[in-house]
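Here is a friendly walk through one protein chain and the ligand beside it. Have the sequence and the 3D view open, and follow along from the overall picture to single residues.

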Amino acid sequence: MSQDSSGPAILVEGLTKAFGEVRALRGIDLAVPRGTVLGVLGPNGAGKTTAVRILTTLLRPDNGRAIVEGRDVVREAAAVRRLIGLSGQSAAIQEELTGRENLEIVGRLFHLSRAEARRRAVELLAQFDLTDAAGRAAKNFSGGMQRRLDLAASLVGRPKVLFLDEPTTGLDPRSRLGMWDIIRSLVAGGTTTLLTTQYLDEADELADEIVVIDHGLVIAAGTAEELKSRVGGDVLEFTVPDRSRISDAVAAVASIGEGEPHADKETGVVNVGVGGRGSDALVEAVRALDEVGVRTKGLALRRPSLDDVFLALTGHAAEDEKALTNGRRGRKRASKDTAKDAS
Ligand SMILES: Nc1ncnc2c1ncn2[C@@H]1O[C@H](COP(=O)(O)OP(=O)(O)O)[C@@H](O)[C@H]1O
Ligand SMILES: [Mg+2]
């Protein structure tokens, strides 16, 4: 079917899109080789959904071009739609219908016969662990089940290219891991996948290559390891409940870290990059803080987060609309709250 079977499955060049004054995409380039997973990583408002909507023919770009399986998403939109699956941030399932009915309807849209649509629905319900719930209205599904049903619906037409827009945002930890397993098995089957996420660990787990976008621009691209190496390995983090002791805490761990410790005077959170010295650094930090008599909470090592990558790439924390409207400054608190909910 594809006109250009030697090229990448997804090719994007100079894509721009503005909504009035808001320049959601300011010239994005992407190339996704067949059978690989591209992780598009960026905070709220970065332009991820806009890019996905253009690539899935739901929105016209202002400038630039996007090719999916050799087809232009604007000029050959109908052909593109037959080749792709989309599972969106807000599930597209019909709540009044049962799980099985939802999938059968999609099958009929793909011109499957009634029997074929039924067979495909049963097969996907089993694959997504929804067989027991098949006869229940989707509105009674848990959040995780709705996401799985939505993803199942995107696979009815056996897409060559799959778009997953923040597939785990808002899911509880168990559902999130379950979703990761499902996505892993899909890509193991060779489906080219473009996945957007706000979480570095998710991109890390699932993506072959990652592009980081911020304010409608690609600010970095590479493998997860390449991106994390820019941050310099693990991050040691703890909270100092007694704010007056923050500077003592910073001084105590300064020689342990590889970079300067970073302290948030409002929250009392101190973090410092410790490179590859993980557990040694942890032990040294406990000792050093104990010696100066600073009490801490939640001393732990963590992998670099999206915040750390952003900090390293841009020199500033990514802004977050939610954080701003909540009256918080910067994105740090808000993103940690979300990370806690979802990890
Ligand atoms: N239909 C729209 N009308 C106006 N502004 C929009 C619309 N869709 C997105 N935007 C704006 O474009 C920017 C990028 O949004 P989006 O692509 O949804 O980001 P993300 O998915 O990365 O959170 C944001 O500033 C958002 O408010
Ligand atoms: Mg989005």
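What percentage of the 343 residues of the chain count as buried? The figure is 42%, and, like everything below, it is computed from a predicted model. The chain has 13 helices and 14 strands. Among contacts with a separation of 6 or more, 66% are made by residues 24 or more positions apart.

In soluble globular proteins, nonpolar side chains tend to be buried together. Here the largest nonpolar core has 50 residues, and the members that touch the most other members are I10, L55 and V68. Strand β2 is the top contributor to this core, giving 5 residues. Both domain 1 (10-228) and domain 2 (231-342) supply at least three residues each to this core. Another core, of 18 residues, lies apart from it; L103, A121, F128 and V156 are among its members.

Leaving aside residues up to four places away in sequence, I10 touches L30, V32, L55, V68, V161, T192 and L194.

**The sheet around β1**

Strands of a sheet pair through backbone hydrogen bonds, either parallel or antiparallel. In this chain, 4 strands make an open sheet with antiparallel pairing, in the order β2-β1-β4-β5. Its edge strands are β2 and β5 (71-72), each of which pairs on one side only.

Strand β1 (residues 10-19) has β2 as one antiparallel partner and β4 (residues 63-68) as another. The table sets out these two pairings.

| Strand pair | Bridges | Direction |
|---|---|---|
| β1 and β2 | 8 bridges | antiparallel |
| β1 and β4 | 5 bridges | antiparallel |

On the β2 side, F19 has V22 as its bridge partner, and K17 has L25. On the β4 side, T16 stands opposite N63. Strands β1 and β2 also form a hairpin, with 2 residues between them. Look in the turn for G20, which has a positive phi of about 60°.

**Around ligand 1**

Which residues are found around ligand 1? They are F19, V22, A24, G42, N44, G45, A46, G47, K48, T49 and T50. Helix α1 provides the largest share, 3 residues. By residue type, the shell divides into 4 nonpolar, 6 polar and 1 charged.

**A look at R81**

A last stop is R81, which is found in helix α2 (residues 77-83). For a distance to check in your viewer, the C-alpha atoms of R81 and L58 are separated by 9.6 Å, with the two residues 23 apart along the chain.

Key:
Residues numbered from 1 in each chain as written. Chains lettered and ligands numbered in written order. Predicted model: local features only at pLDDT ≥ 70, side-chain atom pairs only at ≥ 80, totals over all residues. Near = placed C-beta within 6 Å. Nonpolar A, V, L, I, M, F, W, Y, C, P; charged D, E, K, R; others polar. Buried ≥ 20, exposed ≤ 12 C-beta atoms within 10 Å, placed from the backbone. Contact = placed C-beta atoms within 7 Å. Core = buried A, V, L, I, M, F, W, Y, C linked by C-beta atoms within 7 Å. Domains from an automatic or database assignment. Pairing = 2+ DSSP bridges.
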